[in-house]
Every structure is written in structure tokens, then in C-alpha cells.
Amino acid sequence: MLEKLSEKITNFLVESDEISQSNDEFNCYKYGVEIALSSMLNIALILTIGILTKHFAESIIFLLVFIPTRQFTGGYHADTYFKCNLFLCISFILVLILFETLNNYSSLYVILLMNLISLSVILIFSPVENKNKPIKKEKRAGLKLKSTLIALFISVISITLHCYLIQYGTLLSCTLLMISMLIILGRI
């Protein structure tokens with residue numbers, strides 16, 4: 001479905017003289033449109049789940065942490081758009097379940113442990129390469145540093161929020177833990 005819609009949009013761009021008809025350029029734009037549509041669909045699905053479950057603020061926070069962190073850490077990637085959308089939705093639902101469970105019972109020690117596990121996984125295993133998105137050897141160290149610094153920043157914020165009894169600290173830790181689980185899955 002996304003592929004056909006991307007092709008129609010790209011054909012429209014060719015007919016509008018926005019891009020040339022060369023096969024290489026067409027395929028490049030078509031792929032770019034597919035990625036953009038898939039990303040918009042993923043965001044819309046997470047926001048919809050957030051609205052339906054009365055966790056809209058949580059869905060925004062999840063996306064603000066998940067998307068940029070995953071750009072640097074890598075991790076499990078599905079081989080179809082459907083599986084990607086499904087896996088992201090399941091990941092968000094699992095984060096919500098863990099968040100709701102821990103939100104009432106978690107101590108600072110639990111949050112510290114979750115962040116320590118997440119940071120360790122990110123430090124040891126990231127970035128995770130995907131067959132469709134290889135990582136050049138000279139970029140690995142930079143990606144590892146960026147992903148570690150982002151995870152450390154998120155951990156500090158989550159611990160600080162938790163200390164001030166702000167529930168979103170737990171959500172940040174849960175999201176970071178999910179990202180680390182996807183790193184492990186990506187390595188397997």
C-alpha cells in the first residue's frame with residue numbers, strides 16, 4: 001500500500017516537473033516518499049493509541065525519546081512496513097503497561113536499575129547495524145558516543161523527575177529500557 005501510494009506521489013512530482021524522469025532519481029524519490037509516509041503513519045498510530053488509552057502526553061514523550069535515540073542506537077528493524085508499524089505499536093503498548101505497573105510501585109532503586117541496564121546495553125552493543133542500513137566503520141565510534149550521551153541525558157532527566165515525584169521519569173526509563181531491548185533483539 002505504501003509502495004503504491006509512494007509511486008503515485010512520485011509520478012505526480014515527475015508530471016509537475018519537480019523531479020526528472022531518470023530512473024535513478026525516480027527510485028530515490030520514491031524511496032524517500034515511502035520512508036516519509038511510513039514515519040508519518042508510525043507517529044499517527046502511536047498518537048492514536050495514546051488518545052484511545054488516555055495516554056496522549058505519554059505517547060508524545062515516548063516518540064520524543066524513542067525516535068531520536070533509535071536513530072543513533074539502531075536495533076531491531078522489521079522487514080516490511082506492516083511489521084514495522086505493528087512492532088512499534090506493540091513496543092509502545094508494552095512501555096505503557098510497564099509504566100502503569102511501575103508508576104505506583106517503583107522506587108528510586110528500580111529506576112536506577114532500569115537506567116543502568118539500558119545504559120549498559122547501549123554502551124556495549126550500540127550502534128546496531130541493519131542489512132538495509134549499513135554503518136561505515138569510521139562512523140561507529142561517533143554513533144556510539146552520541147547514543148550513549150543521549151541515553152545518559154535521558155537517564156539523568158528520568159531520575160531527576162522521579163525524585164520530584166513526577167511520573168514521566170518512570171516513562172522515560174521504560175522507554176529507554178524498550179530501546180535497549182530492541183538493541184538486543186537487533187543483535188540476535
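**Reading a helix pair and the loop between**

Tutor: Welcome! The accessible surface of the chain comes to about 11,300 Å², and 68% of that belongs to carbon and sulfur atoms; such areas come from the Shrake-Rupley method with a 1.4 Å probe, and for residues only the protein chains shown count as cover. This is a predicted model, where local features need pLDDT of at least 70, side-chain atom pairs count only at pLDDT 80 or more, and totals for chains, interfaces and linings use all residues. Residues are numbered from 1 along each chain as its sequence is written, and side-chain values use heavy atoms, leaving out hydrogens and water.

Student: How many helices and strands does the chain have?

Tutor: Helices (H or I, at least four residues) and strands (E, at least two) are DSSP runs, numbered from the N terminus. Here there are 7 helices and 0 strands.

Student: How are two packed helices described?

Tutor: By the angle between their axes and the distance between the axes. Axes are lines fitted to C-alpha atoms, for helices over the stretch in contact (heavy atoms within 4.5 Å), and angles run from 0 to 180 degrees between N-to-C directions. α5 and α6 pack at about 175°, with axes 9 Å apart. That makes α5 roughly antiparallel to α6, a label for angles over 145 degrees; under 35 is roughly parallel, 65 to 115 roughly perpendicular and the rest oblique.

Student: Where does Ser 126 lie, and is Ser 126 buried or exposed?

Tutor: Buried means under 20% relative accessible area, exposed over 50%, partly exposed in between (1.4 Å probe, protein chains only). Ser 126 sits in the loop between α5 (108-125) and α6 (137-163), and with a relative accessible area of 2% this residue is buried. Ser 126 touches Ser 147, among others.

Methods: Lists of a residue's contacts leave out its neighbours within four places in sequence.
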